[in-house]
Amino acid sequence: MLAAFFGVAFGVALLFALVALVALQPRDGLAWVQVPDLSADLRVDGGLQTKPLKNTVVAAVLQDQKLDGATASGLALAPALANAPQQPTVALNLPPAARPVTTPDPNAVPAPTPTPTPPPNFAITSANELVSKSKAGNGNNEGHCSQVTITASGSFTTNGAGGSVSYEWVRVDAQGARTVISEAPIQVAPGDRSTHAVASDTFTPAHSGTEQLVFLSPAYSVPAQSWNCVG
């Protein structure tokens, strides 16, 4: 009789262990499993043991707790598992219709595109001219126009934009005769703001008169300078 009793008890314990192994496969988290007190019949101490649970088992227990109330006996979940945060919703895991879509504002004003500053036009910033008369002749011939030499010189600076400078000398004598002497252009490199000398104009006058340095391109002119001699 005693052997039969122990056989039945062993079978019950074995069945309980098999059910626990099948239903409580470890996957996610831990839970508390209430082991019934078998000390009276099998001399086994009751108590709490931790067993890992499946997600489906955890969900079923939570549902049972809602239905049976907090006083229900059996499987008890640790607060850490019951209150575990849900995984955040990721847009890539949602169907296209449920994904968040940002609609552009039709009233939005696009940022202005910076407009590059155009380079400045090539220009002469300053110029000067000097007319000198050589001393020549002796006695009664001193100061006569045929005995002197007139030399006109000048220079200019630019804004550094670079380009070609065209210029000419314009003579006008006391008799109203006008003479234009064209000179070869001068090339100025970009970034060059230094002073450039023009070609001098040297001649023997027939009468007193004036001479002016005139820049054709870029347009610029300086006041005319005069000379005096006896014609």
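This is a short tour of the chain, stop by stop, with what to select at each one.

**Before you start**

The model is predicted, so local features need pLDDT of at least 70 and side-chain atom pairs count only at pLDDT 80 or more, while totals for chains, interfaces and linings use all residues. Residues are numbered from 1 along each chain as its sequence is written, and side-chain values use heavy atoms, with hydrogens and water left out.

**Stop 1: the whole chain**

Show the cartoon. The chain has four helices and 12 strands; these are DSSP runs numbered from the N terminus, with helices being H or I of at least four residues and strands E of at least two. Of its 231 residues, 23% count as buried. Buried means under 20% relative accessible area, exposed over 50%, and partly exposed in between, with a 1.4 Å probe and protein chains only.

The chain exposes about 16100 Å², and carbon and sulfur atoms supply 58% of it. Such areas come from the Shrake-Rupley method with a 1.4 Å probe; for residues, only the protein chains shown count as cover.

Among contacts (heavy atoms within 4.5 Å) between residues at least 6 apart in sequence, 62% join residues at least 24 apart.

**Stop 2: the largest nonpolar core**

Select Phe 156, Val 165, Tyr 167, Trp 169, Val 198, Leu 213 and Phe 215. These have the most contacts inside the largest nonpolar core, which has 22 residues. Such a core is a set of buried Ala, Val, Leu, Ile, Met, Phe, Trp, Tyr and Cys residues joined through side-chain atoms within 4.5 Å. At least two core residues come from each of β3 (124–133), β4 (150–158), β5 (163–173), β7 (186–188) and β10 (209–217).

Now centre on Phe 215. Leaving out residues up to four places away in sequence, Phe 215 touches Ile 124, Ala 127, Phe 156, Val 165, Ser 166, Tyr 167, Val 198 and Tyr 220.

**Stop 3: the aromatic pairs**

The whole structure holds four aromatic pairs. Rings of Phe, Tyr and Trp (its six-membered ring) pair if their centres lie within 6.5 Å; planes under 30 degrees apart count as stacked, over 60 as edge-to-face and the rest as tilted.

Select Phe 156 and Phe 215. Their ring centres are 5.4 Å apart and their planes stand at 70°, so the pair is edge-to-face. Phe 156 sits in strand β4 and Phe 215 in strand β10, 59 residues apart. Both are buried.

Move to Phe 203 and Trp 227. Here the centres are 5.3 Å apart and the planes at 75°, so this pair is edge-to-face. Phe 203 is in strand β9 (residues 201–203) and Trp 227 in strand β12 (residues 225–227), so the pair ties together parts 24 residues apart in sequence. Phe 203 and Trp 227 are both buried.

Ring pairs link Phe 156, Tyr 167, Phe 215 and Tyr 220 into a cluster.

**Stop 4**

Select Arg 171, in strand β5. Arg 171 counts as buried, at 17% relative accessibility. Arg 171 lies over the face of Phe 203, 3.8 Å from the ring centre. That label requires NZ of Lys or CZ of Arg within 6 Å of the ring centre and within 35 degrees of the ring normal.

Next, pick Glu 211 in strand β10. Glu 211 is buried, at 0% relative accessibility. Beyond four places in sequence, its contacts include Arg 171, Asp 201, Phe 203 and Trp 227.

**Stop 5**

Go to the loop between β4 and β5, where Asn 159 is found. Asn 159 is buried, with a relative accessible area of 18%. A polar atom of the Asn 159 side chain lies 3.2 Å from the backbone nitrogen of Ala 161.

Pro 120 touches Asn 159 and Ala 161, not counting residues up to four places away in sequence. Pro 120 counts as exposed, at 57% relative accessibility.

**Last stop: a cis bond**

Select Ser 217 and Pro 218. The peptide bond between them is cis, with omega near -10°. Pro 218 lies in the loop between β10 and β11 (220–221).

Technical notes:
Polar contact = N/O pair within 3.5 Å; in protein donor to acceptor, adjacent residues only side chain to side chain.
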